[in-house]
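Here is a short note for a colleague opening this structure for the first time. Please keep the view open while reading.

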Amino acid sequence: MSRRVVITGMGIWSCLGTTLDEVAQALAEGRSGIGLDKDRLSYGYRSGLCGIVPEPKLTKKDLDRHTRACMSQEACFAYMASRDAFRQAGVDDDYLLHNEVGCIFGNDSSAEPVIESAKIMDEKHDSAMLGYGRVFQSMNSTVNMNLSTIFHLRGINFTVSAACASGSHSIGLGMMMIRQGLQDMVLVGGAQETNYYSMASFDALNAFSVQMEEPTKASKPFDKNRDGLVPSGGAAALVIEEYEHAVGRGATILAEVSGYGFSSNGGGISTPSDQGCYVAMQRALADAGVTVDDVDYVNAHATSTPQGDMYEAKALKQLFGGHRALISSTKSMTGHECWMAGASEAVYCTLMMQHGFIAPNINFEHPDEYSEGLNITPVTVRQPLHTVLSNSFGFGGTNSALVFRSL
């Protein structure tokens, strides 16, 4: 740890709100952003449940037509979040033009432009009908290429494609770049499209909750009556930079990114692992130089799937059983924000530290044999937070954990 890494700006575009204040209030109140999308049912989904994320209304006042034509839905989400993150960090166009800033974003797919392009080709049999923007919309690096172009970012620039740990890994990798002296400032985050094209294959796996009678109660991480996750999305962006660099330019420091841990399960492509979770968490704590007794709160990955929550609960019990850290999964309110989740939950954790509360694990009414005995809070707890651990795990056995500390 040769150089310290801090957060100086954040932006969020989620089903809980599109400003930091809106999201902080929703988290504190335990207010869900989940609803029912009847278009999904008409399209052929088993479940119409999803996080209700507003569509950004970008016009020529925001970006020129050529730029907008190259942006996928998740790139639009990411632009809105990044614009706010730079604004909070006090980073304007002049700074970006005269200083090298990197960009590492988590994004693991761009389904809508690929499917729409295939439809046009099937119907028209003429590639000229696709237009010039679809290639940039459909590439997996759609978010990074658009953000780096719009904001004139000239540092490190790549996409992290690591399923539902993508956003978390982007923060960890950005932190490593800064620690090693390769960058002073990096824009990091995660983005996830919410159109119904993007999640049909997940619905085919029976991965989604079908408890559609009361949408806000469908996502119930760790509860024994959970029956699947609720898909969601949007974007979250964080400006992270070297501590002395932030102090030197008079930036307000929101929190420190003090630890990053990772692992791979090495097993089945969709099979979680309590050992993989445990290793990632333990490495993050060791990297931060803290112990389990230092941790005030754990933001669990827990997506409300029977198997995933079980394995994470086993790992949490192994590491935190008998210790004071409170645990909750904000996915009980947001649903699973997928490629965005690790970044959005970094924002959620930082907001909790700033405002002195722990968001509830709503809908947690009946513990199962694995979650019973864990310090899972179903209600908002008001208390100072100094050290927070946030977990993110994904298909293919990729695991990431981050430690954030208040300054």
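This is a predicted model: local features need pLDDT of at least 70, side-chain atom pairs count only at pLDDT 80 or more; totals for chains, interfaces and linings use all residues.

1. Start with the strands. An open sheet is built from 10 strands, with mixed pairing. Their order is S5-S4-S6-S7-S1-S8-S14-S13-S9-S10. Strand S5 (157-160) and strand S10 (326-328) are the edge strands, each pairing on one side only. On average, neighbouring strands of this sheet are turned by 25° against each other, direction ignored.

2. One pairing in detail. Look at strand S9 (residues 297-299) beside strand S13 (residues 387-394). These two strands pair in the parallel sense, over 3 bridges. Asn299 has Ser390 in S13 as its bridge partner.

3. Helices on the sheet. Helix H4 (residues 73-89) packs on the sheet. H4 touches strand S1 (5-13), strand S4 (102-106), strand S6 (185-192) and strand S7 (234-242). The direction of H4 makes about 135° with that of S1. Helix H9 (residues 166-179) also packs on the sheet.

4. Helix H15. Where does this helix sit, and how does it end? H15 (residues 341-355) has 15 residues and reaches 21 Å from its first C-alpha to its last. That is close to the 21 Å expected at 1.5 Å a residue. Of its 15 residues, 13 are buried, so H15 is largely enclosed by the rest of the structure. Gly356 follows H15, and its phi is positive, near 70°.

5. The largest pocket. Its volume is about 520 Å³. How many residues line the largest pocket? The lining has 30 residues. Ser270, Pro272, Thr305, Gly308 and Phe395 lie nearest the centre. Helix H13 (306-320) and S13 are the elements that give two or more residues to this lining. H13 gives the most, with 5 residues.

6. Asp296. Is Asp296 buried or exposed? Its relative accessible area is 6%, under the 20% cut-off, so Asp296 is buried. Asp296 lies in the loop between helix H12 (274-288) and S9. Leaving aside neighbours within four places in sequence, Asp296 is in contact with Arg324, Ala325, Leu326, Ile358, Gln383, Leu385, His386 and Thr387.

Definitions and conventions:
Residues are numbered from 1 along each chain as its sequence is written. Side-chain values use heavy atoms; hydrogens and water are left out. Two strands pair if DSSP finds at least two bridges between them. Helices (H or I, at least four residues) and strands (E, at least two) are DSSP runs, numbered from the N terminus. Axes are lines fitted to C-alpha atoms, for helices over the stretch in contact, and angles run from 0 to 180 degrees between N-to-C directions. Contact means heavy atoms within 4.5 Å. The expected span of a helix is 1.5 Å times one less than its number of residues. Buried means under 20% relative accessible area, exposed over 50%, partly exposed in between (1.4 Å probe, protein chains only). On a 1 Å grid over the protein atoms alone, a cavity is a set of points where a 1.4 Å probe fits but cannot get out, and a pocket is an open set with protein on both sides within 12 Å along at least five of seven lines; lining residues have an atom within 4 Å of a point. Grid points are joined across faces, edges and corners, and a volume is the space filled by probe spheres set on the points.
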